[in-house]
Amino acid sequence: MEPVIYTIDLGVMPYNESWQYQELLQQKLIKVKRERTSITPPSGYLLFVEHPHVYTVGKNGNWDHLLFTDDILAQKGIELIKTDRGGDITYHGPGQIVGYPILDLEQFGLGVARYVENLEEVIIRTAALFNITARRIPSQPGVWVENNKLCALGIKCSRYVTMHGFALNVHPDLDFYRGIIPCGLDKGGVTSFAQLLHHPPSPDQVRSRLLKEFEQLFECQTTQKPVHL
């Protein structure tokens, strides 16, 4: 029987609020694993969300990679948050598809490294459906088009239950990346579907294709559930 994943659309939500929601779901899955309850839960959740403008810095991130001053952050309405995911500094904002898979990797027979590769592959296959040739770069998590990052990726894993995830650029305002050295990489830039295509798809169109690729690659079924905060 294929694992069942609940997909939840959080809509537009501040970063910290979605982070707290992720933690609740992650702890729920960990509790089920610990107690070995006889009730079969979902094997995980896949949250979709759009964040207001925010820079997030990973647990080992370098604050020197933030280029904007506090005054500029306030002027542009950009929140700055230290988070517990892997990776350095990145941007989230309107026009991105942000996905947070909360999965029990043991139910998928995956280790952390393979899980990250699978997430990258989901994005690569999704991009290919829109005639974008994307790739991974060894030791640099995320998805790239030539030397420009199309999708950032950073996760956290506790007892083999994941949280955090990916931010795929469909049509964000790329000027917001001027305030950081994205992911700490001073070579290469960032790109988006809108920058690469004459007639870019909407985020909903991309998300629909992405979800199908996720189901195929993770060999799971997804079912949509409402938000319960």
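User: Which residues of H1 are buried?

Analyst: This is a predicted model, and in it helix H1 covers residues 15-35. A residue counts as buried when its relative accessible area is under 20%. An α-helix has 3.6 residues a turn, so residues three or four places apart point the same way. The buried residues of H1 are Tyr15, Ser18, Trp19, Tyr21, Gln22, Leu25, Gln26, Leu29, Ile30 and Lys33.

User: How far apart are the end C-alpha atoms of H1?

Analyst: Helix H1 has 21 residues, and at 1.5 Å a residue these should span 30 Å. The model agrees with that expectation, since the end C-alpha atoms of H1 are apart by 30 Å.

User: Which residues of H4 are buried?

Analyst: Helix H4 spans residues 112-129, and its 18 residues reach 26 Å from the first C-alpha to the last, close to the 26 Å expected at 1.5 Å a residue. Just after H4 comes Asn131, which takes a positive phi of about 65 degrees. Within the helix, the buried residues are Tyr115, Val116, Asn118, Leu119, Glu120, Val122, Ile123, Ile124, Thr126 and Ala127.

User: Is His164 buried or exposed?

Analyst: His164 lies in strand E10, and its phi is positive, about 60 degrees, although His164 is not a glycine. The cut-off for a buried residue is a relative accessible area under 20%. Because the relative accessibility of His164 is 1%, this residue counts as buried.

User: Is Glu219 buried or exposed?

Analyst: Glu219 has its place in the loop between H6 and strand E12, and its phi is near 50 degrees, a positive value in a residue other than glycine. A residue is called exposed when its relative accessible area is over 50%. Because the relative accessible area of Glu219 is 56%, this residue is exposed.

User: Which element gives the largest share of the lining of the largest pocket?

Analyst: The largest pocket holds about 360 Å³ of space, and 26 residues line it, with Gly86, Gly87, Pro141, Leu153 and Gly154 lying nearest its centre. The elements that give two or more residues to this lining are strands E5, E6, E8, E9 and E10. By class, the lining residues divide into 14 nonpolar, nine polar and three charged. The largest share, five residues, comes from E9.

User: How many charged residues are in the lining of the second largest pocket?

Analyst: About 170 Å³ of space lies in the second largest pocket, and strand E1, strand E2, E6 and helix H6 each supply at least two residues of its lining. Among the residues that line this pocket are Asp9, Glu50, Asp204 and Arg207. By class, the lining has six nonpolar and two polar residues, and the number of charged residues is four.

Technical notes:
Residues are numbered from 1 along each chain as its sequence is written. This is a predicted model: local features need pLDDT of at least 70, side-chain atom pairs count only at pLDDT 80 or more; totals for chains, interfaces and linings use all residues. Side-chain values use heavy atoms; hydrogens and water are left out. On a 1 Å grid over the protein atoms alone, a cavity is a set of points where a 1.4 Å probe fits but cannot get out, and a pocket is an open set with protein on both sides within 12 Å along at least five of seven lines; lining residues have an atom within 4 Å of a point. Grid points are joined across faces, edges and corners, and a volume is the space filled by probe spheres set on the points. Helices (H or I, at least four residues) and strands (E, at least two) are DSSP runs, numbered from the N terminus. Ala, Val, Leu, Ile, Met, Phe, Trp, Tyr, Cys and Pro count as nonpolar, Asp, Glu, Lys and Arg as charged, and the others, Gly among them, as polar. The expected span of a helix is 1.5 Å times one less than its number of residues. Buried means under 20% relative accessible area, exposed over 50%, partly exposed in between (1.4 Å probe, protein chains only).
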